[in-house]
Structures are given as structure tokens and as C-alpha cells.
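Me: I would like to learn how to read cores and pockets in a model. Could you walk me through one?

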Amino acid sequence: MTDASAESAKPSFRSDVTVELVKHSAADTDVLWAARVSTAGEQSLDELRKDPERSKGLINYLMRDRHGSPFEHNSMTFFISAPIFVFREFHRHRAGWSYNEESGRYRELQPVFYVPGEDRRLVQEGRPGQYRFVEGSPEQRALTGRVMEESYRQAYEAYQEMLAAGVAREVARAVLPVGLFSSMYATCNARSLMHFLGLRTRHEQAAVPSFPQREIEMVGERMEAEWARLMPLTHAAFNANGRVAP
């Protein structure tokens with residue numbers, strides 16, 4: 001290995017995630033023309049030229065009474081970079097989602113790893129269904145960072161050793177931990193995103209409590225911010241009706 005490649009292979013550590021809206025066709029008017037076709041037929045196309053604010057009551061009604069299909073006629077594609085363990089939870093959401101993730105079979109995986117930030121609560125108290133997370137001591141935080149970084153370095157050195165010996169990428173990747181960052185494109189519609197947010201974020205307006213792992217909640221919060229900008233009336237109705245997907 002050359003000095004340059006050795007330098008590039010040094011592990012780096014992150015406590016954040018990346019979420020970028022890269023493509024979209026999503027607006028509150030999409031909900032309105034989809035809903036009004038049931039009573040107006042081709043005249044529902046007029047909604048494309050009208051101010052959706054005048055029909056926010058209809059959007060709220062659809063959300064409240066859980067008429068869900070009008071919320072599916074839109075699309076958002078996000079680029080997401082996060083630890084692999086986040087993606088394993090993410091991929092449990094299948095209805096209304098499409099994914100393409102980078103492949104450890106076809107490219108050499110880069111040494112970027114997750115280490116919790118200072119604001120990440122480390123210690124679980126209680127039992128499932130009733131537990132809570134607390135900050136943890138300075139000693140526990142120092143231990144977590146040190147042990148994780150040491151483990152990541154050892155794992156990536158083993159990965160590089162096997163690659164240098166000619167072992168296939170798809171075999172060598174088996175030594176890498178789920179704290180490794182991966183990247184993917186995730187495409188959804190507003191209805192599928194609302195279902196995701198209802199389960200993967202905590203919110204004071206939620207009618208049904210949720211207890212997501214903080215790291216996937218970080219992704220959800222950033223996706224929600226982008227969606228709220230695109231479809232503010234739909235987002236407001238989602239919050240006003242308990243953050244339950246229609």
C-alpha cells in the first residue's frame with residue numbers, strides 16, 4: 001500500500017447523518033386533484049392552477065378520516081448517508097418505498113464510522129416498553145468513544161489486509177461492523193413518509209407514542225423538514241391529527 005492510499009484508508013468518525021432531497025414532485029395540490037377526481041372527474045385538473053390554501057379544509061378532512069390514497073400522488077427522493085444499523089431499521093419500511101444502496105460487492109467501502117455525539121444519551125434504564133435513556137457518566141462516554149474507535153480501526157485493518165491479499169470484496173466486507181456509514185437513495189410518497197415518521201420520530205403532537213432509536217430519528221427529522229417545506233398544508237394536517245398516517 002502506498003503512503004497516499006494508506007492515508008486515505010485512515011478511519012474517520014462521525015456523529016451526524018446526511019439527508020439531502022435530490023429530486024421531487026410533491027405539492028399540496030397533488031392531494032387536491034387526486035381527491036377531487038372522485039366527484040369532479042376531469043374538472044379536478046383545475047386544482048393544478050388554484051391556490052391550495054383555499055382547500056386546506058379538504059386536506060385536513062382527508063387526513064382526519066384517513067382517506068389515504070390522495071396522499072400517494074407525489075414523489076420525493078432523498079440521498080441518505082448513515083450507519084448501516086440505521087439502514088437495517090429503515091428497510092423494514094417497504095410499502096411505498098424504493099431503495100438503492102451502495103454495494104460492498106462492487107466497491108471498496110470507505111472507513112467512515114459512527115461514534116455517538118455528546119448529546120446522545122447512552123444508558124438505558126428500565127425494561128422494554130417502560131425504559132428510558134439517560135446521559136451516562138463522563139467515564140461511560142469516554143469508554144464508548146475509545147472502544148468504538150479501537151474496534152473500528154481493527155476491523156478496517158482486517159478488511160484492508162484481506163483485500164490486499166486478493167480476497168473478494170464481497171467476502172472481506174464480512175469483518176466490517178454495522179457502525180460503518182453507507183449511502184442510499186430512498187424514494188417515497190407523502191403517505192409512506194408519514195407512516196415512517198409516525199414510527200421513527202418522537203413528537204409532542206403524536207397520538208400514539210413511539211420510541212425510535214435516536215440515530216434513525218435524526219434521519220427522520222431531516223426528511224420531515226424537507227417534506228414540510230414542499231407540502232406545508234399536508235404536514236400541518238398530519239400534526240393536527242395526531243401524526244398518524246392516513
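Reply: Gladly! A nonpolar core is a set of buried Ala, Val, Leu, Ile, Met, Phe, Trp, Tyr and Cys residues joined through side-chain atoms within 4.5 Å; buried means under 20% relative accessible area with a 1.4 Å probe, protein chains only. This is a predicted model, where local features need pLDDT of at least 70 and side-chain atom pairs pLDDT 80 or more, while totals for chains, interfaces and linings use all residues. Residues are numbered from 1 along each chain as its sequence is written, and side-chain values use heavy atoms, without hydrogens and water.

Me: Which residues touch the most other members of the largest nonpolar core?

Reply: In soluble globular proteins, nonpolar side chains tend to be buried together. Here the largest core has 54 residues, and Met76, Ile80, Phe90, Leu193, Val219, Met223 and Trp227 touch the most other members. Helix α8 (residues 214-230; a DSSP run of H or I, at least four residues) gives the most to this core, with 6 residues.

Me: What is the volume of the largest pocket?

Reply: A pocket is an open set of points on a 1 Å grid over the protein atoms alone, where a 1.4 Å probe fits, with protein on both sides within 12 Å along at least five of seven lines; lining residues have an atom within 4 Å of a point. A volume is the space filled by probe spheres set on the points, which are joined across faces, edges and corners. The largest pocket has about 550 Å³. Its 24 lining residues include Arg120, Arg121, Phe133, Gln213 and Arg214, the closest to its centre. Helix α8 supplies the largest share of that lining, 4 residues.

Me: And how many residues line the second largest pocket?

Reply: There are 18, with Met194, His195, Gly198, Val244 and Ala245 nearest the centre; the volume of this second largest pocket is about 240 Å³.

Methods. Buried means under 20% relative accessible area, exposed over 50%, partly exposed in between (1.4 Å probe, protein chains only). Helices (H or I, at least four residues) and strands (E, at least two) are DSSP runs, numbered from the N terminus.
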